[in-house]
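Hi everyone, thanks for making time this morning. Let me put the model up on the screen, and then we can walk through a few parts of it together.

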Amino acid sequence: MSAPARRSDAANPPQADRSGSPHDLWQQAIRIRQEWLDHALSTQPADKSTAERCLTAIYARAARPRPRFEWVDSPEKARPLITGWPTLDQLYERIRDPRPRGTPPLAGGIAMIASQLRGALSAGVTHTDPELSPVRRSKTKEPWPELAPLRALDNGVPLAVVLHQGVRTALHRSLAHGYYLPVRAALAGDAALPVCWYGQQDASWIAYYDVLRRLGLARYAPDDAEHLDAWAGLARSCGWWWPGEDVCVVVDRPEMIRTEPVSGTAHDQIRLQPRGLRHRDGWQPLLTR
């Protein structure tokens with residue numbers, strides 16, 4: 001299950017008809033969600049020029065110059081190049097330290113600006129964004145149930161909640177729990193891996209804000225839209241990447257991706273088959289459930 005990565009004009013995405021009913025808007029959201037899932041599962045060779053342009057823009061937002069790019073065929077090939085780079089635990093230790101020493105790691109700076117971007121995008125949503133504040137039933141104050149989308153809408157679940165469940169949460173489950181977390185565990189073994197981002201598999205939050213923009217349910221400040229477009233360009237063009245001060249290690253997209261549906265899910269969740277991933281150098285991790 002894969003799709004070619006086709007570059008579109010991210011700065012001026014096609015707009016959906018915002019005058020449609022919640023059911024019509026949901027059908028349009030499904031099509032946009034599928035576009036992003038296709039990018040997340042693409043096995044086309046990386047669009048290196050686009051990836052490097054977008055990464056340079058992200059480095060610039062972290063006040064860093066354009067790095068040297070080191071392209072590799074698999075996450076396994078990246079391991080010797082990222083030895084000693086900061087892990088997530090080390091970033092948290094620095095945050096907790098009242099007097100941290102030295103220059104803050106670049107990975108921490110990128111994590112901060114990405115988090116700030118998501119907050120700014122949520123501020124541009126025309127309704128209360130469930131990403132920031134869970135929307136609850138007015139009478140019982142309980143969270144809305146996760147139902148099949150059309151049934152949810154028929155039962156009065158707000159479109160905002162259905163979109164968050166069906167795009168943001170559904171893609172995160174498929175691409176994080178169903179893809180990069182088990183692959184990362186197979187890669188790391190008993191060791192801690194340095195902090196990385198997942199390129200095409202980071203699509204869940206990018207797709208969510210893109211859906212809201214294209215449905216006419218959000219208006220983003222120009223600088224925030226430009227920043228989102230940089231992350232969207234990465235998700236359309238490359239695999240995992242590790243940011244270093246002078247060099248950025250970037251992984252090409254896989255050679256083969258095979259997925260299977262997860263039964264009993266309301267929003268068409270998928271996961272990798274146990275031997276469903278093979279990279280261009282032949283690395284094929286055995287994934288455990």
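Let's begin with helix H9, where Asp224, Ala225, His227, Leu228, Asp229, Ala230, Trp231, Ala232, Gly233, Leu234 and Ala235 are buried. By buried I mean under 20% relative accessible area, with exposed being over 50% and partly exposed in between, using a 1.4 Å probe and protein chains only. So that you know what you are looking at: this is a predicted model, where local features need pLDDT of at least 70 and side-chain atom pairs count only at pLDDT 80 or more, while totals for chains, interfaces and linings use all residues. Residues are numbered from 1 along each chain as its sequence is written, and side-chain values use heavy atoms, with hydrogens and water left out.

Back to H9, which is mostly covered, with 11 of its 14 residues buried. My helix and strand names are DSSP runs numbered from the N terminus: helices are H or I with at least four residues, strands are E with at least two. What covers the buried residues of H9? The cover includes helices H1 (22-40), H2 (48-61), H5 (106-123) and H8 (203-214), along with strand E2 (241-243). Contact here means heavy atoms within 4.5 Å.

An open sheet of three strands runs in the order E1-E3-E2, with mixed pairing. Strands E1 (68-72) and E2 are at the edges with a single partner strand each, so one side of each has no neighbour in the sheet. From one strand to the next, the twist averages 15°. Two strands count as paired if DSSP finds at least two bridges between them. E1 and E3 (residues 247-251) run parallel and are joined by five bridges; in one of these strands, E3, valine 250 is the bridge partner of tryptophan 71. H2 packs on this sheet, touching E1, E2 and E3, and its direction makes about 135° with that of E1. Those angles run from 0 to 180 degrees between N-to-C directions, with axes as lines fitted to C-alpha atoms, for helices over the stretch in contact.

Last topic: charges. How many salt bridges does a search of the whole structure find? The search gives 15, counting a side-chain nitrogen of Lys or Arg within 4 Å of a carboxyl oxygen of Asp or Glu.

One of them joins arginine 214 and glutamate 35, at 3.1 Å, N to O. This pair links distant parts of the chain, helix H8 and helix H1, with the two residues 179 apart. Arginine 214 is buried at 8% relative accessible area, whereas glutamate 35 is partly exposed at 33%.

Aspartate 210 and arginine 213 also pair, with the closest N and O atoms 3.6 Å apart. Both lie in H8, three residues apart, about one turn of the helix. Aspartate 210 is buried at 2%, and arginine 213 is buried at 10%.

These bridges meet up: Glu35, Asp210, Arg213, Arg214 and Asp229 are linked in a network of salt bridges. And Asp229 takes us back to H9, where it is among the buried residues. Thanks, everyone!
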